[in-house]
Amino acid sequence: MAYKSYLNREKLTLGLRNNNPGNLVRTSIDWEGKIPHSLSKDKRFEQFYELRYGIRALMRDIITDITKGNNTIAGLIEEFSPAIENNTANYIRFVSNSLGVLPTAVFELTEESLVAICKVIIRMENNADVTTYITDDDYQDALEILGKPLKKKQIP
């Protein structure tokens with residue numbers, strides 16, 4: 001099966017053309033599917049071979065932040081997008097309003113909540129509606145290689 005890749009496609013947002021829609025900055029983390037820095041065309045942000053790996057990395061980053069105790073929108077975004085890089089207050093407001101929750105509300109980490117927050121972060125990071133390029137199947141592909149089992153939302 002062939003998976004999506006937008007690698008180095010001009011005219012797309014930076015996050016898409018890096019297959020890194022969360023715009024994770026370059027680090028020494030050995031993300032699955034990461035293009036080695038020596039081969040990467042972007043000197044600031046990670047690049048991934050396929051879109052699913054970039055979404056997976058975002059998911060893993062969010063899970064790590066939540067595990068550290070950042071289990072509110074405000075706490076998560078303050079960790080993910082510090083004020084030295086972005087207007088964190090606007091970012092928190094955007095995510096909170098998009099999800100329909102208070103910035104200080106504690107949320108339960110499930111597959112559904114993880115995908116929902118990823119979708120909003122990706123929309124914010126790319127300054128665009130990226131649903132033309134990233135579908136629910138892409139999030140499912142990332143969940144399948146996540147490597148961390150998450151609860152599924154219970155249907156009453």
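A nonpolar core is a set of buried Ala, Val, Leu, Ile, Met, Phe, Trp, Tyr and Cys residues joined through side-chain atoms within 4.5 Å. In this predicted model, the largest such core has 40 residues. Met-59, Ile-62, Leu-114 and Ile-117 are the members with the most contacts inside this core. Two or more residues each are given to the core by α2 (51-67), α3, α4, α5 and α6. Helix α2 provides the largest share, 9 residues.

Beyond its neighbours within four places in sequence, Ile-62 is in contact with Leu-76, Leu-114, Ile-117, Cys-118 and Ile-121.

Along its principal axes, the C-alpha trace spans about 40 × 35 × 30 Å. Of the 156 residues, 47% are buried. Among contacts between residues at least 6 apart in sequence, 61% join residues at least 24 apart. The accessible surface comes to about 8500 Å², and carbon and sulfur atoms account for 52% of that area.

A pair of aromatic rings is described by the distance of the centres and the angle of the planes. The model contains 2 aromatic pairs. Tyr-6 counts as buried because its relative accessibility is 8%, under the 20% limit. Tyr-133, by contrast, counts as partly exposed because its relative accessibility is 30%.

Phe-80 and Tyr-91 also form an edge-to-face pair, at 6.4 Å centre to centre and 75° between the planes. Here the partners come from two helices: Phe-80 is in α3 (residues 73-80) and Tyr-91 is in α4 (residues 88-99), 11 residues apart. Both Phe-80 and Tyr-91 are buried.

A charged side chain is also placed against an aromatic ring. Arg-52 lies over the face of Tyr-3, at 3.7 Å from the ring centre.

Note on methods: Residues are numbered from 1 along each chain as its sequence is written. This is a predicted model: local features need pLDDT of at least 70, side-chain atom pairs count only at pLDDT 80 or more; totals for chains, interfaces and linings use all residues. Side-chain values use heavy atoms; hydrogens and water are left out. Rings of Phe, Tyr and Trp (its six-membered ring) pair if their centres lie within 6.5 Å; planes under 30 degrees apart count as stacked, over 60 as edge-to-face and the rest as tilted. Buried means under 20% relative accessible area, exposed over 50%, partly exposed in between (1.4 Å probe, protein chains only). Helices (H or I, at least four residues) and strands (E, at least two) are DSSP runs, numbered from the N terminus. A charge sits over a ring if NZ of Lys or CZ of Arg is within 6 Å of the ring centre and within 35 degrees of the ring normal. Contact means heavy atoms within 4.5 Å. Accessible areas come from the Shrake-Rupley method with a 1.4 Å probe; for residues, only the protein chains shown count as cover.
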